[in-house]
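Here are some friendly notes to read alongside the structure. Keep the 3D view open and follow the points one by one.

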Amino acid sequence: MTPGPASGTAVAAGARTVDRAAAGDGAVENLLELRSIRAGYDRIDVLFGVDLEVPRGSVVALLGPNGAGKSTLLRVAAGLHLPSSGDVVVAGRRVNGVPAADLARAGLCLIPEGRGVFPNLTVRENLRMMTHVGCGFDEVEEEAYHRFPRLRERRRQTAGTLSGGEQQMLAMARGLATRPALLLLDELSMGLAPIIVEELYALVAQIAQAGVSILVVEQFAGVVLGVADQAAIMINGRVARTGSPSELETELSGAYLGA
Amino acid sequence: MDKFLTFTIVGLSTAAIYSVIASGLVLTYTTTGVFNFAHGAAGMLAAFCYWQFHFDWGWPTPVALVVVLLVLAPLFGVLLEMVIMRNLEGTSETTRLVVSISLLVAMIGLSVLIWKPDESRPMARFFQSSAPISVGPTTITWHQMVTLLTAVAVALGLWLVLTRMRVGIAMRAAVDDRNLTMLTGARPRRVQMLAWAIGTALAGIGGILIAPGLVLDASSLSLVIVSAYAAAIFGRLRSLPMTFVGAVVVGCAEGYLQGYLPQSPFLTGLRTAASVLILFVVLLVLPNPRLRGRIRSREFFPAPTWKGALGFAAAMVAGGVILATTLSRPDLITYGQVFSLGIVALSLVPLIGFAGQVSLCQLSFAGIGAVVMAHLGGGGNPLALLWAALIAGGVGALVALPALRLSGIYLALATASFAIVLDRWLFLLPRLSVFGLFEVSTFNQGSLSVDSLTIFGASFADPGRQMILMSVLFALAALLVVWVRRSAFGRILVAMKDSEAACATLGIDLFGTKLAVFALSAALAGVGGALYATQLGSISPGNFDFVTGLPVFMMTVVGGVGMVGAALFCTVSLYAVLPLYSALLPSIARYAVVLPGLAGLSLARNPGGAVQDVREGFLPLRTSPPAIGATVGIVAGLYLLRMLDVLGNWPFAVLLIVVPMAANAAVQGLSRPEKAEEPGADVPLEWRGIVRPWTEADRIELDQALGVNEVEIHGAT
């Protein structure tokens, strides 16, 4: 994978999609707004009134230790998990209870934690699944193979047999090829070699340049803070602190230790 | 050579049918995770519908086929998905199993309801009048040709749909990761509905193709498809190509057995049981599944207390005495099965409820117990009960031995196939000498007579005395099960159900534990069967066959299989409420056949079981000793009145049900005003002591809520 210099096509395409998604809403400031979200599993509450905004065209990093509720928050935002109270607002519209599939078709793309691929489908079939949001298969294939030439070599292989890095590339291909307006990334770095993580984040920076709004969740802060415009620290189901990445960097260790 | 070719063709055309059915099964299993035991029954209903349209009403073949296969079957599949399968997300494998078995029972019931079973319904083969095509030295009939071509078309079509069409890829994607499927913008619900529509249509094709070669009979047609299960297991329920290979193996095996098996009374049954034996063997050679870790489940059962267990046992004996003294002779015979089959149902409690191992062959173990009783219990010798326990327990351990590596549906299928092998082969054998060492006999190709028990010279031939004896034995068996649950062994069983992996790390011998619980459960079932046999007086294999055993399994699970009360729930609903219902309302008695199935389906909504609800409902009464005393007193008084013939049976029965409920309501009513008197119960907890002074009552309430003191909590909150 070499996120080469020839990423101009995606840059242009990404920008187009943002316009499309926001067309009906005039100039909405925040592409994603979470307003005092509370949510939990069965009787165990995980989120206790979370407020978070992802302004148009910016990259927000959400940091926090294990079990802080970051992944749950993303699931709520993507429509996989219904909040018990609070509002999820995407591009100026309240979308509580809208099925995840509809949000995906509207231009919201969550790459879930772990590998966001179907392990028993081949690489090509995985790419075919990306066409559900309305883009053509040829475009998707072209984009994915262009970004990650390794995927072309492995297109007939089942995704489960790919290496961890290759699987994450395939997962990221969805974030690129489907041209979302809002991209939610959950722990891209999980279980990957540092060099691959760096490459992936270089790609995230490129996608961001194209004007896509991005919310990145990470446990390990270093890599993300370089990419992010804003950052927030989440602890025990609450956003403890928001600010610029440089401001937060110094406070992070304290936050992890529960200070 | 001609013979070989002929039977190859027979085998291949059978294989073709199995492959069509099995591929539908694999399709629905992979997309929804529900192994549909009723898949065969769907094919059976399709065959009946086709018979109705084409042969009875005379619709032309194409019209009838289109209506059944392209309209009714897919619609039925979609309906199943929407009404039932959708609710099964997040339930345990046992629950899913019970729901699909209930569906099987309900569908058999439905077909019996619509198409009276005693009529003959001949079904012609396709192009029956056309001359067969000659192929070298042998011939292929047009029906066989149609069958083979259909299978090829189905295989090609499925391959195209699943790998070339986006909706097919989405079907497979939904199996891998449902959430991710939604995130890509696909709609798994629709995909699943489509899978069920196609799967049911495939079952329909199979049913229509296979029915002309057999008798159009609901339960045999539903179970013929067990052979298709064997084919599906070849592909581990996932791989379609392997499923087709499996179908060829099973089909050809059946074909050659038909052609080459020597004529012998010992082997005739083997032919029909062959596919099931193949299923059993394939299950055993499947790669070993890994130890299961913690299983998330919404089903929890409380451990029984001795107080409760003794109360239950006393109530059972009292119930037996009351029934024995109030019912007429024919009624005693009708309802007499409640306690003996109750022991069979009870045998499921340690096995499924405690240990989490599924068995569908408990009634077969009961059958073995009954056979032992018939052969060794001459003159009502009670020692034969011991033999029944030993032999049934031994067979249980023997069955468990190979099956122990399996779990979930695989275990269910293995035990089901054992039951069917017994039904179709072993129970039908004539007297058999094993290497001249000893003789084994089962039903001796007919029915056996069984003497009623005689204990210490006291005969229990009279149905009334029998009823009392059975109730005592049932109570003892229930106490035994409670003792097992409360012993160290019981704790190991429950731990094993929760996490086999954790047990292994604790150094618990899983193998021995599973073997022991299977043997225990089979022994219990054997005793139950032996007792049932003494009540029946004459037994035949039909009393103990697989399909008859399914409702017992179902209703025990519906009752809440982790509790002893579930066994009572099962037999009371099957052998007391159903016959009573049929007696009271003969006009709609026919509909009773679908009721157990419908009850099983309710489990999808309430996996904790019915007994649990009853237990909770009666919490006020159970925790109030004076109220229990009063209730027992009133019941005793009522019984006295009944004995003095002041009361008839009906008012007595009604009062028996009403009194405990009234007592319960009364206790609840008495405890409620206390609560209302609490000062400011309306004030939220965090404001007490702020907007009004903190009181002793607040402290107690807080303690109760936190469970700090051993305070009994009265009343429902």
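How many salt bridges does the count come to over all chains?

1. Salt bridges overall. Please keep in mind that this is a predicted model. Over all chains, the count comes to 11 salt bridges. As background, side chains of opposite charge can pair when their charged atoms come close.

2. A pair inside chain A. One place to look is Arg124(A), whose side chain meets that of Glu141(A) in a salt bridge, with 2.9 Å from N to O. Arg124(A) sits in helix H4 (residues 123–129) of chain A and Glu141(A) in helix H5 (residues 137–147) of chain A, so this pair ties together parts that are 17 residues apart in sequence.

3. Where chain A meets chain B. Here 24 residues of chain A are in contact with 20 residues of chain B. The area buried between the two chains is about 2,100 Å², and carbon and sulfur atoms give 57% of this area.

4. Charged pairs across the chains. Between chain A and chain B the count is 2 salt bridges. Arg187(B) forms a salt bridge with Asp102(A), and the closest N and O atoms of this pair are 2.3 Å apart.

5. The domains of chain B. Chain B is divided into domain 1 (2–114 + 142–285), domain 2 (306–605) and domain 3 (625–714). Taken over C-alpha atoms, the centres of domain 1 and domain 2 of chain B are 31 Å apart.

6. How domains 1 and 2 of chain B meet. In chain B, 43 residues of domain 1 are in contact with 40 residues of domain 2. About 3,800 Å² is buried between these two domains, with carbon and sulfur atoms giving 80% of the area. The count of salt bridges between domain 1 and domain 2 of chain B is 0.

7. A cavity to visit. A search of the whole structure finds 7 cavities of 30 Å³ or more. The second largest cavity holds about 80 Å³ of space. Where does the second largest cavity lie? Domain 1 (2–114 + 142–285) and domain 2 (306–605) of chain B both give residues to its lining, so this cavity lies between them.

8. What lines the second largest cavity. Its lining residues include Phe37(B), Leu104(B), Tyr229(B), Leu279(B) and Phe546(B). The lining divides into 10 nonpolar residues, 2 polar and no charged. Helix H9 (218–224), helix H10 (226–234) and helix H19 (408–424) of chain B each supply at least two residues of this lining. The largest share, 4 residues, comes from H19(B).

Key: Residues numbered from 1 in each chain as written. Chains lettered and ligands numbered in written order. Predicted model: local features only at pLDDT ≥ 70, side-chain atom pairs only at ≥ 80, totals over all residues. Heavy atoms only, no water. 1 Å grid on protein atoms, 1.4 Å probe; cavity = no way out; pocket = protein on both sides within 12 Å on 5 of 7 lines; lining within 4 Å. Points joined across faces, edges and corners; volume = space filled by probe spheres on them. Nonpolar A, V, L, I, M, F, W, Y, C, P; charged D, E, K, R; others polar. Domains from an automatic or database assignment. Contact = heavy atoms within 4.5 Å. Buried area = accessible area lost by both parts, 1.4 Å probe. Salt bridge = Lys/Arg side-chain N within 4 Å of Asp/Glu carboxyl O.
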